2 protein chains.
Amino acid sequence: MATVPRMNEQESAAWLSLISLLELLPAALDAQLQRDARLTHFEYVLLTMLQRAPKHVMRMKALAAATSSTLPRLSHVVSRLEGRGLVERYPCEEDRRATNARLTPEGRRTVIRATPEHIATVRRLVIDVVSPEQLDQIAAIGDAILPGLDPERRLTRLFDGDVAD
Amino acid sequence: MATVPRMNEQESAAWLSLISLLELLPAALDAQLQRDARLTHFEYVLLTMLQRAPKHVMRMKALAAATSSTLPRLSHVVSRLEGRGLVERYPCEEDRRATNARLTPEGRRTVIRATPEHIATVRRLVIDVVSPEQLDQIAAIGDAILPGLDPERRLTRLFDGDVAD
DNA sequence: TGTTTATAGTTGTTGCGACAACTAATGGAG
DNA sequence: CTCCATTAGTTGTCGCAACAACTATAAACA
């Protein structure tokens with residue numbers, strides 16, 4: 001490996017900001033959702049994806065892609081949500097290897113009830129404290145970094161309509 | 001609670017970028033450090049803080065602040081690192097409630113050996129894929145968001161010289 | 001000085017995520 | 001048609017983080 005130059009002031013400042021955000025923001029989001037809806041942030045995103053999908057159904061595979069997670073992780077999380085009656089699983093007709101995950105009415109109520117307070121938190125912690133220009137900058141920075149983190153391009157096709165059933 | 005307006009396109013795009021980064025970047029950093037040095041990102045940051053401190057010693061309290069963590073978490077992590085011979089603990093003389101954590105020579109070797117590959121990864125994943133202007137933007141965005149996440153201002157005084165012993 | 005309150009740290013329990021191993025069904029290649 | 005590789009998903013184990021409960025020392029106060 002060739003020698004890697006140390007970071008300069010500008011780079012260090014940016015990197016420190018970024019890892020601090022990485023450490024603190026997820027904790028803040030999880031804390032609010034846990035308190036108000038007994039959900040992790042990941043569970044909230046998962047339920048939201050199902051809520052937006054046609055008929056509130058997605059294949060596990062598509063749901064894993066949409067939430068940028070692995071199938072093992074998703075399977076465990078869905079098992080827990082199923083135990084709480086928020087999601088139900090049933091085998092997919094067209095491909096009998098596949099499983100569909102569907103939001104139950106109770107699950108819909110949960111996500112609908114949790115959303116306002118969550119959005120308020122996101123606004124309070126992030127959106128309201130940065131300028132509109134900075135919002136665009138965040139999106140652009142994400143567009144620059146994410147492709148390199150996401151070799152299989154899972155997140156990037158979130159809304160390209162790969163739905164199940 | 002007053003009604004919270006839904007997010008517009010601009011806000012959603014920024015928010016999606018941000019939570020995607022929050023999900024994927026830590027995993028990528030942990031994976032590299034785990035593979036090359038059997039360290040979590042948190043452990044690497046911790047060792048680096050000790051490495052930079054005078055005499056490679058800090059009080060647990062100061063180390064918790066510097067790594068933006070809680071004392072319980074830190075205590076567990078230091079216990080593990082101590083078991084691997086990378087850190088040692090000893091009671092603080094001036095305040096017998098306190099404990100000092102000191103980097104061992106082996107710990108110093110570990111962090112020194114891990115750093116080049118880690119910096120290379122940070123460059124490859126983040127620094128090299130954004131523009132210099134975007135680096136400044138990241139720092140500015142962090143400055144805007146972090147104070148609201150960090151009520152006790154732990155991170156912000158990382159280098160204000162609150163060292164131990 | 002004796003009592004209370006605050007500070008510093010450790011430990012135990014619980015829950016989630018990562019990884020590996022496994023089952024089951026599909027799609028090709030011969 | 002059969003065999004094999006691939007795909008979809010589940011399950012078990014292990015490691016780490018969060019939270020609560022606890023100990024011990026120091027500081028505040030009366």
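At what angle do the axes of helix H1 and helix H5 of chain A cross? They come within 10 Å and cross at roughly 155°. The model is predicted: local features need pLDDT of at least 70, side-chain atom pairs count only at pLDDT 80 or more, and totals for chains, interfaces and linings use all residues. Residues are numbered from 1 along each chain as its sequence is written, and side-chain values use heavy atoms, without hydrogens and water.

**Helix packing in chain A**

- H1(A) covers residues 9-37 and H5(A) residues 105-125 (helices are DSSP runs of H or I, at least four residues; axes are lines fitted to C-alpha atoms over the stretch in contact, with angles from 0 to 180 degrees between N-to-C directions).
- The crossing angle therefore makes H1(A) roughly antiparallel to H5(A) (over 145 degrees).
- On the H1(A) side, the contact (heavy atoms within 4.5 Å) includes A:Ala28, A:Leu29 and A:Gln32, and on the H5(A) side A:Ala114, A:Glu117 and A:His118.

- Sugar and phosphate make up 70% of the DNA strand D atoms within 4 Å of the protein.
- H4(B) supplies the largest share of this surface, five residues.

**Polar contacts with DNA strand D** (N or O pairs within 3.5 Å)

- A polar backbone atom of A:Lys61 is 2.6 Å from a phosphate oxygen of DNA strand D.
- For B:Arg80, a side-chain N or O atom is 3.0 Å from a phosphate oxygen of DNA strand D.
- B:Arg97 has a polar side-chain atom 3.3 Å from a sugar or linking oxygen of DNA strand D.

Technical notes: Chains lettered and ligands numbered in written order. Helix = DSSP H or I, 4+ residues; strand = E, 2+ residues; numbered from the N terminus. Parallel < 35°, antiparallel > 145°, perpendicular 65-115°, else oblique. Near = heavy atom within 4 Å. Polar contact = N/O pair within 3.5 Å; in protein donor to acceptor, adjacent residues only side chain to side chain.
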